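Biologist: I am new to this structure and would like to understand how its descriptions are reached. Could we go through them one at a time, setting each value beside the rule it is judged by?

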Amino acid sequence: ETGEVVESYTMFTLNADHHPLMSRMHKPDPKLLPDQQDKRSVVPIERSDVETWLNASVDEAAKLVRLAPLEIFDAEALG
């Protein structure tokens with residue numbers, strides 16, 4: 001209404017229980033039952049897909065909702 005530009009951000013996550021790397025993140029909470037301790041990972045949107053994400057139909061956007069493939073990570077086990 002005032003024309004003021006306000007930046008905002010959202011972190012969209014998916015269950016990562018079966019992802020080869022992300023499933024190893026976060027320690028379980030002993031107060032929660034096992035079925036309430038799912039591993040979560042942020043859904044990355046590739047730069048080339050940002051316009052699609054912002055302007056897509058629900059069906060088109062849904063195709064972009066996926067966990068990052070293991071190959072994009074640069075990670076190794078410690079110790």
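Modeller: What follows is a set of questions about a predicted model, each answered from a value and its cut-off.

Biologist: How do you know how much confidence the predictor places in the protein?

Modeller: On a scale that runs from 0 to 100, the protein averages a pLDDT of 87, and 96% of the residues score at least 70. Confidence is highest in helix α2, residues 58-62, with a mean of 94, and lowest in strand β2, residues 40-42, with a mean of 89.

Biologist: Why is F12 called partly exposed?

Modeller: Buried would require under 20% relative accessible area and exposed over 50%; F12 has 39%, so F12 counts as partly exposed. W53, at 31%, is partly exposed by that reasoning too.

Biologist: What makes F12 and W53 an aromatic pair, and why is the pair called tilted?

Modeller: Rings pair if their centres lie within 6.5 Å, and those of F12 and W53 are 6.4 Å apart, centre to centre. Planes under 30 degrees apart would count as stacked and over 60 as edge-to-face, so the 50° between these planes makes the pair tilted. The count of aromatic pairs comes to 1.

Biologist: Which parts of the chain does the pair of F12 and W53 tie together?

Modeller: F12 lies in the segment before β1 and W53 in helix α1, residues 50-55, so the pair ties together parts that are 41 residues apart in sequence.

Biologist: Why is D74 called exposed?

Modeller: D74, which lies in the segment after α2, has 81% relative accessibility, and the cut-off for exposed is over 50%, so D74 counts as exposed. From D74 to E51 the separation is 23 residues in sequence and 27 Å in space, C-alpha to C-alpha.

Notes. Residues are numbered from 1 along each chain as its sequence is written. This is a predicted model: local features need pLDDT of at least 70, side-chain atom pairs count only at pLDDT 80 or more; totals for chains, interfaces and linings use all residues. Side-chain values use heavy atoms; hydrogens and water are left out. Buried means under 20% relative accessible area, exposed over 50%, partly exposed in between (1.4 Å probe, protein chains only). pLDDT is the predictor's confidence in each residue, from 0 to 100. Helices (H or I, at least four residues) and strands (E, at least two) are DSSP runs, numbered from the N terminus. Rings of Phe, Tyr and Trp (its six-membered ring) pair if their centres lie within 6.5 Å; planes under 30 degrees apart count as stacked, over 60 as edge-to-face and the rest as tilted.
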